[in-house]
Amino acid sequence: MPYAIGIDVGGTFTDAVLDDDAGTVLAAKSPSTPPDYSQGVLEVLDLLAQQLGQPVATMLADTHHIAHGTTSSLNALVMGDVPPVGFLTTQGHRDSIFIMNVEGRYLGRSPHELQHVLGQRKSHALLPKRHALEVTERIDRDGRIVVALDEEQARRAIQDLVDMGVQALAISLLWAFVNPVHEQRLREIAHEVAPDLMVKLSSEVSPRIREFARNATTIMSAQIAPGLRDYLTDLEAELRARSLSGPLLVMQSNGGAVTAADAPARAITTVGSVLSGGVVGAAALGRELGHRNIISTDVGGTTFLAGLVVDGEPVRETSTIINHHPVNVPTLRVDAIGSGGGAIAWLDRGQNLRVGPSSAQAVPGPACYDQGGEAPTNTDANLVLGILSPRGLLGGRKPLSLERAREAIATHVAEPLGLTVEQAAIAIHTVQNAQTGDLLRKTVVEAGHDPRAFVLYAFGGAGPAHCARYAAEIGVSEVVVPLGPVASGFSAYGLASSDIVLTAERSAPTPIPFDPAVAESILADLEARARADLDHQGVRFADIRLERELDLRYTMQLAEVTVPLAPGTVTSRHLDDVVTAFETRYEAMYGKGSGFREAGVQAITFRVRGVGMLPFDPKLPQLAPADGPDPSGAQSGVRPVCLDAAVGFAETPIYDYTALRSGHVLTGPAIVEVPTTTVVVPPGSTGTVDGLGNLVIRPEGSTS
């Protein structure tokens with residue numbers, strides 16, 4: 001039986017899940033290995049092979065595909081670790097990427113920063129001005145050539161950029177998404193000047209209206225494409241040398257994968273790949289458990305990630321923000337803060353306790369890793385509080401030093417605040433729960449949803465230790481900790497569950513109503529492109545699904561809302577239904593009565609999502625039933641644990657997850673130790689093991 005393998009490379013740990021579509025599911029976890037993350041990938045594959053009792057070459061020869069979520073693209077952009085690139089645009093428009101509209105002042109900034117207008121700067125340009133040059137050409141909004149491309153001047157500009165040492169070239173011309181002929185000719189000239197130069201065209205990367213966002217997206221894609229190409233080329237070569245027979249897939253921000261060979265051409269779509277696996281996994285598990293509204297929370301070593309599944313489908317957005325720049329890339333909506341297990345606790349100038357966003361990451365790691373890290377983290381606090389086992393993480397493979405954890409907390413938090421080490425540790429734990437609760441309010445409530453109508457899924461190495469508390473912060477009463485064989489590698493399970501998803505889109509601003517034949521023509525062209533792109537992947541699909549959608553807005557507004565378009569030939573009825581759906585969603589987002597149809601409604605961008613469904617449908621195996629609800633047979637001991645400052649340390653039963661069975665009911669306080677994570681069942685709650693091995697935490701006495 002062939003295997004599907006999902007690999008989630010995080011800043012601290014690399015997780016892998018193997019599924020054979022017949023009930024065998026295995027998981028492995030290993031520290032990530034920056035700067036060469038591929039070593040961590042190979043290490044977790046070795047761990048999976050050991051569990052199978054096979055040589056890694058045998059396992060990989062029987063693997064249908066590997067789906068890989070990579071941090072390399074996002075990390076490169078966030079840290080500015082990108083090669084020099086050149087930028088070509090229409091004469092007179094070079095400075096648009098430096099002016100940044102008014103957006104450059106507020107995008108990606110915290111509420112605190114937004115309040116200090118005089119402190120805002122536009123000092124985060126994507127590239128130096130000497131690398132941004134203009135070419136003589138002009139195409140109008142209808143795609144007509146007004147000024148022909150001056151090819152000799154363009155050739156000189158490209159040669160100048162090559163002489164400056166640029167490693168890639170981004171080309172974004174005015175109205176090129178309507179008529180790309182000049183961009184395409186510039187690519188031909190660039191390859192005549194420098195045959196190996198990587199070139200990105202806005203008409204292919206981001207065929208949308210709005211110049212600044214389109215320029216930024218094209219430049220960022222050019223910045224990360226060479227590094228992504230080199231990383232994936234080397235990784236795939238190593239995997240082939242180890243007998244991998246199936247394709248290496250790379251997760252994208254949209255919740256679907258693309259082949260490694262095609263990923264550099266779509267480089268910007270991979271920036272959120274490591275964020276979306278958990279949401280995809282939550283949707284897949286939700287189908288098994290009958291949950292249609294889910295809050296997906298993933299707490300790894302570096303970040304806290306929160307996404308939504310509404311009516312059975314992950315919530316999507318058409319753009320994101322990186323380093324204060326808008327990026328036109330379809331993505332699953334995932335909110336993130338630096339509040340993972342390795343988030344560093346520190347005191348600000350006012351001696352207020354903060355946790356994150358800086359992280360100790362895998363190297364040097366939390367102080368308790370005893371690898372040279374001196375800063376206290378969430379992990380150190382949880383060890384001091386007794387939540388984590390003194391034996392260490394990963395089933396003891398990662399030893400922890402209680403002494404180092406206490407020293408770090410004492411030096412940096414407890415002594416400056418006049419607290420004991422234990423008091424400082426519970427303060428760190430409390431702040432962590434409060435700020436993750438704040439992010440969940442933003443994710444759920446600000447999107448127009450009632451959190452009480454949702455079930456919360458909690459995973460990642462650190463999520464299960466905090467989930468009951470941050471769920472209570474927003475009023476969610478049912479928490480599912482996906483355990484079984486996937487445990488903290490649930491995001492990797494989502495990667496293994498993913499299909500190949502490619503998007504074709506084009507802006508064509510049009511007031512509604514308009515001739516339905518216009519929409520049908522645009523969408524038919526996009527569908528043909530989506531099918532061709534899926535064929536280009538060279539992967540066998542069980543089925544192909546095409547989904548249509550439109551971005552709409554009120555006339556003269558900037559806020560766009562995406563709504564689905566029913567299949568079939570577009571008619572006036574379809575367009576009426578789209579407008580009705582737009583107004584319903586608009587009011588859900590901005591408040592009842594906020595819509596104003598009298599202003600008119602415009603269709604801005606037409607989009608087709610092509611889904612190539614892989615012949616795999618991972619299922620978690622059933623767990624053997626217990627003889628009754630009493631879990632005492634799985635209790636491995638007791639230890640003093642502090643979960644509440646008012647209560648202090650209390651002797652708390654510790655359970656070995658591997659000995660729990662379906663139907664066991666734990667009464668809080670309780671700690672469940674899993675080889676790759678630790679679950680806290682707080683006082684006043686119960687934890688019930690379901691048929692798949694998940695632990696369902698509810699307030700005591702609750703039945704739903």
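Modeller: The backbone oxygen of Q557 lies 3.4 Å from a polar atom of the R553 side chain. Keep in mind that this is a predicted model.

Colleague: What makes that pair a polar contact?

Modeller: The cut-off for N or O atoms is 3.5 Å, and the distance from the Q557 oxygen to the R553 side chain is 3.4 Å, so the pair qualifies.

Colleague: Why is R553 said to have no salt bridge?

Modeller: The nearest side chain of opposite charge, E560, is 4.1 Å away.

Colleague: Why are E192 and R155 called a salt bridge?

Modeller: Their N to O distance is 3.0 Å, and the limit is 4 Å, so the label applies. E192 lies in helix α8 (residues 181–193) and R155 in helix α7 (residues 151–163), so the pair ties together parts that are 37 residues apart in sequence. Both residues belong to a salt-bridge network that also includes E151, R185 and E188.

Colleague: Why does E192 count as partly exposed?

Modeller: Its relative accessible area is 46%. Partly exposed lies between under 20% for buried and over 50% for exposed, so E192 falls in the middle class. R155, at 25%, is partly exposed by that rule.

Note on methods
Residues numbered from 1 in each chain as written. Predicted model: local features only at pLDDT ≥ 70, side-chain atom pairs only at ≥ 80, totals over all residues. Heavy atoms only, no water. Buried < 20%, exposed > 50% of the residue type's maximum accessible area, 1.4 Å probe, protein only. Lys, Arg positive; Asp, Glu negative; His and termini not counted. Polar contact = N/O pair within 3.5 Å; in protein donor to acceptor, adjacent residues only side chain to side chain. Helix = DSSP H or I, 4+ residues; strand = E, 2+ residues; numbered from the N terminus.
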